[in-house]
Amino acid sequence: MPVIQAQKLEKIYGGVLGTKVHALRGVDLEVGRGEAFGLLGPNGAGKTTLVKILLGLVSASSGSSTLLGQPAGTPISRLRVGYMPERRAYPSFLTAAQVLDLFGKMLGMDRTARQQRSEQVLEEVEMGKWRDQRVGGFSKGMQQRLALAQALLPDPEVLFLDEPTEGIDPLGRVAIRHILRGNLEKGKTLFLNSHMLTEVEMLCDRVAILVKGEVVRHGPLASLTAPEAQYRITLGTEDTEAVKRALAGIDEAAEELQAPPGQSIWRLTVEDRRQLNAALDRVRGAEIEIEEVRRVRSSLEEVFVETITEATERAGDAAQGPGGALTEEITVPAGEEVAR
Amino acid sequence: MSATTAAILPTSPPTGRQVLALVAYTLREARHKWTFVALFVLTTLFLLMLATVVNIDVVEGTIASARLFGTIPLEIGGTKIQVSEAVTVIQAVIVGLLSTFGLVLALFITGNIIPRTLNPGWVDLLASQPVARPVLILGRTLGAMTVVTMSLTYLFGGSWMILTWKTGFGNAGFLVAGLLILFSFFTCYAGMVLAGVITRSSPVSILAGIGIWFAGIPLYFLHRFEEWTTAFRAGWPRTLASAIAETLYWVMPKTAELTGRAAEATRLESLSLTPAWTSLPFAFVSLALACWWFSRQDY
């Protein structure tokens, strides 16, 4: 059973008199137990709205969602959930320990559990020595760590993180990544909402890209970043003609890349590994030395930019169709096939 | 579910503990506000003054002499003043001040408790906990009530004990008056909660609370003086105006009458609690509406 499930989630902000904003358009999503899931999208794509619907901070206009098997938004569904929001404002007069004590009480922990767990999580985020300092004096990075400590307080089964490393220095990011990996190893589920694509790439095994409230692409990170069987082959020769002769017949699938002296580098697009091996056999048969064969992967950033551009172009085309674009919420007509 | 999670968390949202946590948080918040500290200091100074400055000699139930700072005699005009009368007068002054200026001050000080709960960034954190939203509102309301109850108890209890100790006359009516002032505060505060939840603005919330308190005065006079309503009934627009005023009188808290009842209680006069129980629906409906509104908002 999925830990997080969303079916045809729609959210329209705005009322009778105000401008309507279609924040989510029929989002379907499933996240399994122990998975590290990354939700990507440009500003205003609906990422935070989706997370807030799952946590009951925002009500869905239609559709349904569950969290840990309970209807999302109910208090009981949030009992074993940690949430680190992007926007947070702790009362400045509370100390770090008092913040955790308050949230421990809200979770129903007894005094001993609150004290022990607070110590643990503050140490985990390296805030132990600041436990009795008032939040008002904390830097942004320290507040970020405190928010992570608060999210970890219930030892949650699902951890929602909205931009967890924003405002944190590189060393701090490594530390936070380390903490999150530790939680993943313990079987926790991670739902990461971030603009920091490298963070998502390093932590998540599955991602979804949200554009204008629609999931336009989703799947395992590995398959998104390596959509076709492309290989980069480094050969120990400068004789490109000899390579072309060896690859005769499939040379259209081979593209020569820039190479240092004494080498030639080719990008080969093949249908499958058998075709790759056949090509390599031909190269060897021509007595050309193969120095390296590497699968070509796009970076997540490339995939992200490509997806957004495509979705925006499609939305633009749709807007210029019969009737044209009237308002923002109908620029991408519902039901249009955008996702791959 | 991991073993640790199972060990430290209950199986269902702990509503009672959550309410207590919010009350404790509100008390902590109050302690860090200078207005509360100032109020505490002022009350303490007043009690110290009452305890040390005025010396009253009582002989056979009447005041034989009264002195300030132990040396300056207070003229009592040669007439014998009953101790009970003197104590009642002092307490009536305290009740009069508290049921007007004190109550408005209490509304002013507590008016931003609900809007502060709804501050962006803080409400997200609170509402994402395993807590039902009405619990957040009720917990904070109970917290505000606790703060005001503690302040009133300190002032009323302190002055009552000092006067009883000095004169030997314990006026229970004074304590009843304290309860009526607290009740009057509660009815205004409930309206303030509703305004705070809808507007998320401290100034609007404070104005609403004080406005509700002040509205009780003209509404009482419009209701009380029958000749006014009779005059209104001369034509249909006047009848309509009269009907509106009368409806508002019954809907809104009867703050003016509650103040009057508090004074009557101090004088140990027979007490009608009609203004109290007819003000209760306003408080409950306001709180219910506030909870309903808060539950359907997006944050």
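In this predicted model, chain B and chain A bury about 3,600 Å² between them, and 62% of that area sits on carbon and sulfur atoms. On the residue count, chain A puts 40 residues into the contact and chain B puts in 38. Charged pairs turn up here too: three salt bridges cross the interface of chain B and chain A. Take A:Lys11 and B:Asp298, whose side chains meet in a salt bridge at 2.7 Å, N to O.

Next, the nonpolar interior. Nonpolar side chains in soluble globular proteins tend to be buried together. The largest nonpolar core here holds 150 residues, and the members that touch the most others are A:Ile4, A:Tyr90, A:Leu146, A:Leu148, A:Phe160 and A:Phe191. Helix H8 of chain B, residues 172-199, is the top contributor to this core, with 15 residues. There is also a second, separate core of 17 residues, with A:Ala229, A:Leu235, A:Leu247 and A:Trp266 among them.

Setting aside residues up to four places away in sequence, A:Leu146 touches A:Tyr90, A:Ala96, A:Val99, A:Leu100, A:Leu122, A:Val135 and A:Phe138. The other leucine, A:Leu67, belongs to strand E4 of chain A, residues 62-67. With a relative accessible area of 0%, A:Leu67 is buried, because the cut-off for that label is under 20%. Beyond its neighbours within four places in sequence, A:Leu67 is in contact with A:Val3, A:Ile4, A:Leu54, A:Leu55, A:Ala72, A:Ser77, A:Val81 and A:Phe160. Two of the names in that list, A:Ile4 and A:Phe160, came up above as members of the largest core. Chain A has an open sheet of six strands in the order E6-E7-E8-E3-E9-E10, with mixed pairing. Strands E6 (81-84) and E10 (214-220) of chain A stand at the edges with a single partner strand each, so one side of each has no neighbour in the sheet. On average, neighbouring strands of this sheet are turned by 15° against each other, direction ignored. Within the sheet, strand E3 (residues 36-40) and strand E9 (residues 206-211) of chain A pair in the parallel sense over four bridges. In E9(A), A:Val207 is the bridge partner of A:Gly38. Helix H1 of chain A, residues 47-55, lies across E3, E6, E7 (158-162), E8 (189-193) and E9 of chain A, running at about 145° to E8(A).

Most residues other than glycine have a negative phi. A:Asp155 has a positive phi, near 50°, and is not a glycine. A:Asp155 is placed in the loop between helix H4 (140-152) and E7 of chain A, and counts as buried at 4% relative accessibility. B:Arg200 also has a positive phi, about 55°, without being a glycine. The loop that holds B:Arg200 runs between H8 and helix H9 (202-224) of chain B. At 37% relative accessibility, B:Arg200 counts as partly exposed.

Terms used. Residues numbered from 1 in each chain as written. Chains lettered and ligands numbered in written order. Predicted model: local features only at pLDDT ≥ 70, side-chain atom pairs only at ≥ 80, totals over all residues. Heavy atoms only, no water. Core = buried A, V, L, I, M, F, W, Y, C linked by side-chain atoms within 4.5 Å. Buried < 20%, exposed > 50% of the residue type's maximum accessible area, 1.4 Å probe, protein only. Helix = DSSP H or I, 4+ residues; strand = E, 2+ residues; numbered from the N terminus. Contact = heavy atoms within 4.5 Å. Pairing = 2+ DSSP bridges. Axes fitted to C-alpha atoms, helices over the stretch in contact; angles between N-to-C directions. Buried area = accessible area lost by both parts, 1.4 Å probe. Salt bridge = Lys/Arg side-chain N within 4 Å of Asp/Glu carboxyl O.
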